[in-house]
Amino acid sequence: MASAERDGQEGSGVYQICAEDGNIEYKLKLVNPSQYRFEHLVTQMKWRLQEGRGEAVYQIGVEDNGLLVGLAEEEMRASLKTLHRMAEKVGADITVLREREVDYDSDMPRKITEVLVRKVPDNQQFLDLRVAVLGNVDSGKSTLLGVLTQGELDNGRGRARLNLFRHLHEIQSGRTSSISFEILGFNSKGEVVNYSDSRTAEEICESSSKMITFIDLAGHHKYLHTTIFGLTSYCPDCALLLVSANTGIAGTTREHLGLALALKVPFFIVVSKVDLCAKTTVERTVRQLERVLKQPGCHKVPMLVTSEDDAVTAAQQFAQSPNVTPIFTLSSVSGESLDLLKVFLNILPPLTNSKEQEELMQQLTEFQVDEIYTVPEVGTVVGGTLSSGICREGDQLVVGPTDDGRFLELRVCSIQRNRSACRVLRAGQAATLALGDFDRALLRKGMVMVSPEMNPTICSVFEAEIVLLFHATTFRRGFQVTVHVGNVRQTAVVEKIHAKDKLRTGEKAVVRFRFLKHPEYLKVGAKLLFREGVTKGIGHVTDVQAITAGEAQASMGF
């Protein structure tokens with residue numbers, strides 16, 4: 001889009017593609033439309049909002065073919081007034097993102113205005129975007145999230161991150177070992193809503209029309225299994241990779257970058273701690289990142305964000321092309337360029353389209369269990385993501401597989417999303433479900449809660465097409481690895497490598513695995529990641545050998 005802004009003719013192809021689909025609409029002018037034309041424009045706005053799941057961007061002064069014409073001041077004022085009327089009609093709010101002058105054959109100055117239209121869908125409380133936070137240990141992940149969500153800058157010694165830690169040893173060492181969730185809201189006018197002004201989580205949810213849920217993952221190599229679990233089971237929309245300006249690409253940074261690429265999670269990069277080092281050091285770190293991103297394995301297009309204009313372009317480019325990787329340079333202590341990241345997050349549209357979500361919602365209910373708690377006076381509570389269907393309070397579901405391969409009946413007593421009550425949960429949303437007096441001992445991470453009509457199949461043996469990313473020697477039959485498939489994490493043994501005796505680094509093959517402890521619920525096509533020490537590989541499930549509960553008991557020796 002940046003190229004199209006520099007040269008309307010050159011970018012017209014890109015603009016035309018976007019004009020048909022997606023949530024971006026080009027309008028030359030909207031001056032005093034007739035009633036019939038106005039109704040047509042309102043219908044068009046509803047369609048764009050539906051495409052963007054509640055958000056649309058209008059570019060006024062741009063022809064349908066992408067030619068940047070611009071409007072005189074009076075025409076622009078009248079067009080914005082009409083846009084305001086249209087937004088009122090559909091119950092949306094508008095925010096001017098940016099204005100720019102264009103060179104066109106005219107003596108009068110002509111402008112293009114870009115406007116964000118936002119409306120929370122009637123069946124939702126707020127727009128939701130999940131962002132996984134990756135990066136090496138001590139790069140400042142928890143501190144940045146503390147600053148964004150608490151609204152106060154750091155003191156340089158980690159004060160901002162203290163509210164994010166879940167365990168005493170994390171406060172003492174200053175290192176995250178578990179997965180924590182932090183929320184940042186934006187209201188319909190694009191203003192930040194966070195814990196400042198002594199707001200509670202419920203108040204943030206109530207006054208926000210868009211919520212960013214940050215999944216704070218561990219940076220230390222010791223907790224890599226926790227980081228992989230966060231990326232595979234919590235289904236983030238995108239990832240934020242944090243790199244410290246003074247150390248550059250160090251420690252687990254490359255590994256986290258590789259994980260995001262392997263799992264096809266789009267990511268953007270934040271270079272932190274720019275207040276600690278000279279400008280030349282920051283530039284060197286940015287150059288180092290650009291070099292890595294352009295390598296054959298990455299194939300990314302780095303885009304350094306230095307102004308608000310860049311941040312708006314970056315958000316739109318990032319949503320349209322997964323290859324664009326915005327790079328921000330900021331400080332959590334001085335607050336330098338922090339506003340640019342907020343502008344980016346405010347404008348960033350949902351990365352899945354409405355059609356995909358509707359298709360998922362029409363399937364049977366399937367909820368992945370990622371966390372299990374016991375809450376006083378509530379009982380057993382499970383946290384996770386609804387991967388398909390719709391879940392309502394009072395629904396009767398089955399949960400499993402248990403160690404002996406059975407599925408047990410249960411009832412959903414209540415649902416909470418982002419710490420506030422919710423009646424209906426839709427595909428792709430994360431939530432916690434209260435299960436009343438259901439015995440917590442029967443549950444474990446990696447289980448699924450599904451509709452009884454689904455008649456779920458389980459397996460102990462499955463096949464996957466894999467690529468061995470790294471192995472010190474040869475990978476052969478009998479080798480044991482930890483397998484991650486969605487929220488499933490278990491040790492499996494290699495039973496057979498089809499058409500080969502052994503595998504070396506970089507080789508592909510179809511491999512048969514057997515789970516060692518208990519059967520799991522797997523689906524063909526699911527992404528798979530396995531590791532053991534320095535050994536790493538990725539792939540997807542190609543076949544599952546379904547078994548009954550009785551067979552599961554026999555195979556596991558019950």
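A salt bridge is counted here where a side-chain nitrogen of Lys or Arg lies within 4 Å of a carboxyl oxygen of Asp or Glu. The views below show a predicted model, in which 21 salt bridges are counted by this rule.

**View 1. A salt bridge between E255 and K536.** The closest N and O atoms of E255 and K536 are 3.0 Å apart. Because E255 belongs to helix α9 (residues 253–262) and K536 to strand β30 (residues 535–547), the pair ties together parts that are 281 residues apart in sequence. K536 counts as partly exposed, at 22% relative accessibility.

**View 2. A salt-bridge network of R98, R100, E114 and D309.** In another salt bridge, the side chains of R100 and D309 meet at 2.3 Å, N to O; R100 is in strand β3 and D309 in helix α11 (residues 308–320), 209 residues apart. R100 counts as partly exposed at 24% relative accessibility, and D309 counts as partly exposed at 28%.

**View 3. The largest nonpolar core, with F214 and F268.** This core has 43 residues, and those with the most contacts inside it are F214 and F268. Helix α12 (residues 338–347) supplies the largest share of the core, seven residues. Leaving aside residues up to four places away in sequence, F268 touches a set of residues including V131, C238, L240, F318, P326, F328, L341 and F344. Apart from this core lies another, of 33 residues, among them L134, V271, C277 and L293.

**View 4. An open sheet of eight strands.** The strands follow the order β17-β16-β22-β13-β14-β21-β18-β19, with antiparallel pairing. Because β17 (408–411) and β19 (420–422) stand at the edges with a single partner strand each, one side of each is left without a neighbour in the sheet. From one strand to the next, the twist averages 40°.

**View 5. The pairing of strands β18 and β21.** Strand β18 (residues 414–417) and strand β21 (residues 430–434) run antiparallel and are joined by three bridges. Within this region, Q416 stands opposite T432 in β21.

Conventions
Residues are numbered from 1 along each chain as its sequence is written. This is a predicted model: local features need pLDDT of at least 70, side-chain atom pairs count only at pLDDT 80 or more; totals for chains, interfaces and linings use all residues. Side-chain values use heavy atoms; hydrogens and water are left out. A nonpolar core is a set of buried Ala, Val, Leu, Ile, Met, Phe, Trp, Tyr and Cys residues joined through side-chain atoms within 4.5 Å. Buried means under 20% relative accessible area, exposed over 50%, partly exposed in between (1.4 Å probe, protein chains only). Helices (H or I, at least four residues) and strands (E, at least two) are DSSP runs, numbered from the N terminus. Contact means heavy atoms within 4.5 Å. Two strands pair if DSSP finds at least two bridges between them. Axes are lines fitted to C-alpha atoms, for helices over the stretch in contact, and angles run from 0 to 180 degrees between N-to-C directions.
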